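Here is a short briefing on helix packing, salt bridges and the chain contact. Keep the structure open while reading.

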Amino acid sequence: MSFDWNIVWSSLPRLLDGAWMTIWLACVTMLLAIPGGLVLALLRLSKIRPLAMAATGFVEFFRATPLILQIYWVYYVLPAYFDVQLSQITTAIVGLVCNISAFNSETFRSGIVSIRQGQWNAAYALGMTPANVFLRIIAPQALMRVLPALASTWVSLFKDTSLVSIIAVAELSYVSLQIRAETYRILEVLTAMAALYWLMGYPQAKLVDWIHHRFKVAE
Amino acid sequence: MTADPILIFENVIKRYGSLTALDGVSLTLGRGEVVCLIGPSGSGKSTLLRCANALEPLDGGRIVFNGNDVKSTESPVRLVRQRMGMVFQNFELFPHLTVLRNVTIGPTTVLKLSSEAAEERSQKLLAKVGLSDKATAHPSALSGGQQQRVAIARALAMEPALMLFDEPTSALDPETIGEVLSVMKTLADEGMTMLVVTHEMDFARRVANRVAVFDKGRVIEEGTPQQIFTAARVTRTREFLSHLGWHGESAGCHQ
């Protein structure tokens, strides 16, 4: 068996472009899914029943169905039946953001309800507005508690971006599989792809470990 | 009748499902007065305090603070709360903020004081409760007694017209109870109006102007500490006090 690692070196610029797209997708998704998750969490905790129920329906749908199906749905069903045609990138972002927002919402919700009533009372007793109570007293404490869970979601998200390769978004998986198809060097290309994912993912996993250690709830 | 009333409870009723926590409580607090609420656990004392600043909605009756109905629509309940300081059994300091920030957060976010003015005010209050050296610490680094003194400073930073104390020493180690009670005594001596739910009978006897005895959601007896602790008229009051080791006049003398 002979190996041709030159394929990897000559394809490196394309692979790095793909890696860059992977990072970009993950970052943009998380940036949108954090406020998205927070809004969904607040809606679910809202006393207005229809709002709470709508948010619950959204969250439970996106948590309980595969991301790959959600991406297909947005890409094929929306244009065919609802006359909504999104570009591949937009489709990828919409699918990922809906999915991750649903997970973040549950993370935030558990963080918010874990703050005891006394903290709300103490803040209200000072005469704070509900918005100030939430933003200055509850949310910062809740965020500290859920940071480990949020970090774990991030690591999953980073790898799950590979699923959008099915709609030809040129992220690392898609680019790698393209190069494989062009060159037939399956072992070399997939090894390079694994190495790139690992090089990006390992430091993140270590960071998550550190966050778990640093922010574990001590009370 | 109390002269110059600041806080009036009129036939206050509060229910939790089938449980009636407050069954028609009427009580008046005069400006500058210290009133202690005593009675068995679960008799409604703490509930009354939480109703006073609308942390709990009422099911009947009304509460008037400074001449305004606490629940009136024209003055938002926030404005009432700003004028009532509250101290909780479990301190409820904000754990993510430093001691100093715990005290300044009310003045800066609610009263819109500049951070310099708020810090100056807060440093004075921390000095008053004997904790100037802890300003940069986080609450978790403090003892229970120290946390409760910070909580008192936090409430005072709003320059309230009235202080509500909800069993402020019940969660404390015996050796730190004294430091909190002495801060409260100082406040009372300075003329602060205080409504105090407490199991510290000695504090009630020495500091209160009046004592109200709760049982099953009602005020069963009200009077001067002298009256309540040495000549209670109601049998239930005498029973409650004797459970705590008070036996009329003699107990008072030995304390």
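The model is predicted. Chain A has 8 helices and 0 strands.

**Overall layout of chain A**

- Along the sequence, the pattern reads α-α-α-α-α-α-α-α.
- Taken along the principal axes, the C-alpha atoms of chain A fill a box of roughly 75 × 45 × 25 Å.

**Helix pair H4(A) and H6(A)**

- The crossing of H4(A) and H6(A) is right-handed.
- H4(A) brings Leu96(A), Ile100(A), Phe103(A), Asn104(A), Thr107(A), Phe108(A), Ser110(A), Gly111(A) and Ile112(A) to the contact.
- From H6(A) come residues including Phe134(A), Ile138(A), Ala142(A), Leu143(A), Val146(A), Leu157(A) and Asp160(A).
- By class, the contact of H4(A) with H6(A) splits into 13 nonpolar, 5 polar and 1 charged residues.

**Helix pair H1(A) and H2(A)**

- Helix H1 of chain A spans residues 6–45, and helix H2 of chain A spans residues 49–64.
- The two axes come within 7 Å and cross at roughly 130°.
- H1(A) and H2(A) are therefore oblique to each other.
- Their crossing is left-handed.
- On the H1(A) side, Leu40(A), Leu43(A) and Arg44(A) make the contact.
- On the H2(A) side, the contact residues are Leu51(A), Ala52(A), Ala55(A), Thr56(A), Phe58(A), Val59(A) and Glu60(A).
- The contact of H1(A) with H2(A) holds 7 nonpolar, 1 polar and 2 charged residues.

**Helix pair H7(A) and H8(A)**

- Helix H7 of chain A runs over residues 172–183, and helix H8 of chain A over residues 186–214.
- Their axes come within 9 Å and cross at roughly 165°.
- That angle is over 145 degrees, so H7(A) and H8(A) are roughly antiparallel.
- The crossing of H7(A) and H8(A) is right-handed.
- In H7(A), the residues in contact are Leu172(A), Ser173(A), Ser176(A), Leu177(A), Ile179(A), Arg180(A) and Thr183(A).
- In H8(A), they meet Ile186(A), Val189(A), Leu190(A), Met193(A), Leu196(A), Tyr197(A) and Met200(A).
- The class count for the contact of H7(A) with H8(A) is 10 nonpolar, 3 polar and 1 charged residues.

**Salt bridges**

- Side chains of opposite charge can pair when their charged atoms come close.
- Over all chains, the count comes to 26 salt bridges.
- One of them pairs Glu182(A) with Arg14(A), with the closest N and O atoms 2.9 Å apart.
- This pair links distant parts of the chain: Glu182(A) lies in helix H7 of chain A and Arg14(A) in helix H1 of chain A, 168 residues apart.

**Interface of chain A and chain B**

- How many residues does each chain give to the contact? Chain A gives 17 residues and chain B gives 23 residues.
- About 1700 Å² is buried between chain A and chain B.
- Carbon and sulfur atoms give 65% of that area.
- The interface has 1 salt bridge.
- The side chains of Arg116(A) and Glu92(B) meet in a salt bridge, at 3.1 Å from N to O.

Methods
Residues numbered from 1 in each chain as written. Chains lettered and ligands numbered in written order. Predicted model: local features only at pLDDT ≥ 70, side-chain atom pairs only at ≥ 80, totals over all residues. Heavy atoms only, no water. Axes fitted to C-alpha atoms, helices over the stretch in contact; angles between N-to-C directions. Helix = DSSP H or I, 4+ residues; strand = E, 2+ residues; numbered from the N terminus. Parallel < 35°, antiparallel > 145°, perpendicular 65-115°, else oblique. Left-handed = near helix turned anticlockwise from the far one by under 90°. Contact = heavy atoms within 4.5 Å. Nonpolar A, V, L, I, M, F, W, Y, C, P; charged D, E, K, R; others polar. Buried area = accessible area lost by both parts, 1.4 Å probe. Salt bridge = Lys/Arg side-chain N within 4 Å of Asp/Glu carboxyl O.
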